[in-house]
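Hello,

Here is the structure we talked about.

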Amino acid sequence: MSVSIEKHEKNRIFSGIQPSGELHLGNYLGALKQFVDLQSEENECIYCIVDEHAITVPQDPKLLQKRILDLSALYISAGVDPKKSIIFVQSTVPAHAELSWILTCSSYTGELSRMTQFKSKSQGKESAPAGLFCYPVLMAADILVYDADEVPVGTDQTQHIELTRDIATRINNTRGETFVVPKGRYLKEGARIMALDDPSKKMSKSAENIHSRIGIMDDEKKIRKSIMRATTDSEAVVRFDPETKPGVSNLMNIYSVLTKESMADIETTYRGKGYGDFKKDLAGIVSEALSPIQSRFNEIRHSEELLTILKDGTEKASAIAVPVLRRAQERFGLGLPKRVD
Ligand code: TYM
C-alpha cells in the first residue's frame, strides 16, 4: 500500500533566507516581516536558515558559522517567536538534500538553464558551479519536504516557486499524489525593494555601493545618509508612479509598508513639500522600525538559548520532513525492500 499525503490541519507556511551576508531592508520587508506577521492561530510556520544554498558560492567556514547564528538571532529579534514557529538550520535536516536528489532526477537541464538568477550569477564565467545550476531544485526540496501550502518571499523568487510547482505537479502526475503543490505569497508593497542609488535594480546584499541598500543593523546616521542620497528626479513632487518616478516610488513603497499608510495618504501629507522633508521623515521611520530589532539582536546573539532553539527546531522540522521523504522514496522504489520475494 502506498503512503498518501497526510492532511495537516493548519495552513503550513515555509520559507528561508540565505546566511550569505548582512540582511538589508529588501530582505526584511519582502520576507522577514511577512514571516513575523504570518504567525497566527491559522498558520503553522516553519522558517529555515538555508546554509546549503549559501555554499553554491565559496564561503569561509568560520564566517558562515557566524552568519548562521547572526541570521537565527535576527529571525528572533525581528519577531519570529520560537514558541509559535519552527526555526532551524537547513543542513541539520538531511532530508532536504536527499529529496533534492530525487527531484533533480525529475528536472530538466533546459528548465534549470532558463532560471534568471542562474543566468545572472553565472554570466561571464567560463564554467559555473553545478550547485549554482541545481540551486532551485534544492529550494523546491526545502518547500516540498514540509508539504508546505504557502511560501512567503519577494518577487525575485517567483520563477523558483513556479519551478517548484512544476516539479511537484510532474511527479504527482507520473508517480501518483506525492507532494502538496505550494503557492508563493507576495506582499503588494515591499515584494521588490529597489536599490537606492539605481531604482532599476533590486536592493541586494552584493552591490558594491553600501548606500545602495540599508542594512538591518545600520545605525541612524548611515540610514539617514543612504536615504538622503537616494536617487529621485527633478520634479520634486512626492507622487507614486513607478514608471516615470521609480526612485521616489521605491521610497514611498518603503514608507507605506512600514507605516501602513496608502500611497494617496502619503501624497497628501507631502503635497507642496520637497523631497528633503519626505526623505528626512522616511529616515526616521526606518530607524525607528530597525532600532528595536537591533537591541533585541544584541541581547540574543550570544545566548546559549539560541542554540537550544535551533536544536529544538531541527527535531521538530525532522519530524515533519522524514515521513515526506519516505513517501517520495517509496514512489521511486528507493530504500530497503520490506520482503525478500
Ligand atoms: P535570499 O536569501 O536571496 O533572500 C531572502 C528573501 O528576501 C527576499 N528579497 C527581497 N524582497 C524584496 N526586495 C528585495 N530587494 C529583495 N531581495 C531579497 C527574497 O525574495 C527572499 O524571500 N532562494 C532563496 C532562499 C531559499 C528559499 C527556500 C526561500 C532557499 N530555499 C525555500 C523560500 C523557500 C534566496 O536566495 O533568498
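The ligand is surrounded by 28 residues, and Gln18, Tyr135, Asp142, Asp156 and Ile193 are the closest; a residue counts as near if one of its heavy atoms lies within 4 Å of the molecule. This is a predicted model, in which local features need pLDDT of at least 70, side-chain atom pairs count only at pLDDT 80 or more, and totals for chains, interfaces and linings use all residues. Residues are numbered from 1 along each chain as its sequence is written, and side-chain values use heavy atoms, with hydrogens and water left out.

By class, the shell around the ligand holds 12 nonpolar, 11 polar and 5 charged residues. Here Ala, Val, Leu, Ile, Met, Phe, Trp, Tyr, Cys and Pro count as nonpolar, Asp, Glu, Lys and Arg as charged, and the others, Gly among them, as polar.

- Tyr135 has a polar side-chain atom 2.5 Å from an oxygen atom of the ligand.
- Met203 places a backbone N or O atom 3.1 Å from a nitrogen atom of the ligand.
- Lys205 has a polar side-chain atom 3.5 Å from an oxygen atom of the ligand.

On its own the ligand has 710 Å² of accessible area, of which the protein covers 97% (Shrake-Rupley method, 1.4 Å probe).

S1, H1 and H7 each give two or more residues to the shell around the ligand. Elements are DSSP runs numbered from the N terminus, with helices (H or I) of at least four residues and strands (E) of at least two.

Pockets and cavities were found on a 1 Å grid over the protein atoms alone: a cavity is a set of points where a 1.4 Å probe fits but cannot get out, a pocket is an open set with protein on both sides within 12 Å along at least five of seven lines, and lining residues have an atom within 4 Å of a point. A volume is the space filled by probe spheres set on the points.

The largest pocket has a volume of about 1,200 Å³. Its lining has 46 residues, with Asn27, Gln117, Asp156, Gln157 and Lys202 nearest the centre. They divide into 16 nonpolar, 20 polar and 10 charged. At least two lining residues come from each of strand S1 (11–17) and helices H1 (25–37), H2 (51–54), H6 (116–122) and H7 (130–144).

What else turns up in a search of the whole structure? It gives 2 cavities of 30 Å³ or more. The largest cavity holds about 50 Å³ of space, and Tyr135 and Gln117 are among the residues lining it, as are Met115 and His160. H6 and H7 each give two or more residues to that lining, which divides into 5 nonpolar, 2 polar and 1 charged.

The second largest cavity has about 30 Å³ of space. Its lining includes Pro82, Ser85, Asp312 and Lys316. Strand S3 (85–89) and helix H13 (304–332) each supply two or more residues, and H13 gives the most, with 4.

Regards

Terms used: A polar contact is a pair of N or O atoms within 3.5 Å; within protein, one must be able to donate a hydrogen and the other to accept it, and residues adjacent in sequence count only if both atoms are side-chain atoms.
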